[in-house]
Amino acid sequence: MAIVLPSRRRPMSERRPAIRFLPTAGLKQDLQTLHDAAMARPQGPQGRLLRVALNELSRIQQGAPSTHPLEYMPTYPDLSDCETTYVGADPNAKPSHRIVWREHAPQRPGEPVTREVIALGERANGQAYYMAGQRLGRPVGFTLAELAAQREPIASPSRPGRRLAGSFDTPSTNEPDLQFE
């Protein structure tokens with residue numbers, strides 16, 4: 001009698017679409033900051049947080065769903081086109097950090113979806129959300145529709161290379177830190 005084990009491979013009809021993973025310059029900076037803190041005490045909370053964050057980023061890259069999609073809230077930048085994934089060093093405590101990312105549909109048939117990871121930041125006081133909003137050029141109190149309708153950028157012209165308000169649908173490879181007036 002032969003025993004047939006279930007295949008670990010999914011049938012073609014159930015396979016997830018290919019994913020292009022896009023870690024932004026801001027995420028790389030966040031990971032470097034966390035790495036530097038973890039090197040001081042590798043077995044401490046920063047070292048554990050770094051390992052958990054890297055595992056969650058790998059899961060995002062492989063197609064795992066987010067903890068939940070974000071919604072517009074007037075006290076934060078509008079991140080309603082983004083998702084968040086919770087991470088923390090202590091599995092018995094409320095997660096201390098958030099990963100903010102967004103998914104872009106393929107531009108052409110056959111291309112993969114893109115998952116652009118914008119920020120890894122602290123949960124406290126919405127820091128991760130403010131950081132993501134700044135990196136995307138989104139001030140507090142404006143909806144995506146209002147930003148798209150702006151003729152002039154909201155961000156300060158004191159910094160070169162700023163993004164235009166209507167450019168948030170395109171993944172960014174050069175993310176300046178914007179200062180709002």
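Author: Let's start where helix α3 gives way to Gly137, a residue that follows the helix and has a positive phi, near 75°. Keep in mind that this is a predicted model. Now step back into α3 itself, which covers residues 127-135. Its buried residues are Ala128, Tyr129, Met131, Ala132, Gly133 and Arg135. What do they pack against? One partner is a helix, α1 (25-40), and the others are the strands β3 (83-87), β4 (97-104) and β5 (113-122).

His97 has a relative accessible area of 14%, so it counts as buried, the cut-off being under 20%. Its side chain makes a polar contact of 2.7 Å with the side chain of Ser96. Further off in sequence, beyond four places, His97 touches residues including Thr85, Tyr86, Val87 and Leu120.

Leu120 turns up again in the largest nonpolar core, a set of 15 residues, where it is among those with the most contacts, along with Leu27, Leu31, Leu34, Leu57, Ile99 and Val117. Helices α1 and α2 (45-62) and strands β4 and β5 each give this core at least two residues, and α2 supplies the largest share, five. Val117 has contacts beyond four places in sequence that include Phe21, Leu27, Leu57, Ile99 and Trp101.

Definitions and conventions: Residues numbered from 1 in each chain as written. Predicted model: local features only at pLDDT ≥ 70, side-chain atom pairs only at ≥ 80, totals over all residues. Heavy atoms only, no water. Buried < 20%, exposed > 50% of the residue type's maximum accessible area, 1.4 Å probe, protein only. Helix = DSSP H or I, 4+ residues; strand = E, 2+ residues; numbered from the N terminus. Contact = heavy atoms within 4.5 Å. Core = buried A, V, L, I, M, F, W, Y, C linked by side-chain atoms within 4.5 Å. Polar contact = N/O pair within 3.5 Å; in protein donor to acceptor, adjacent residues only side chain to side chain.
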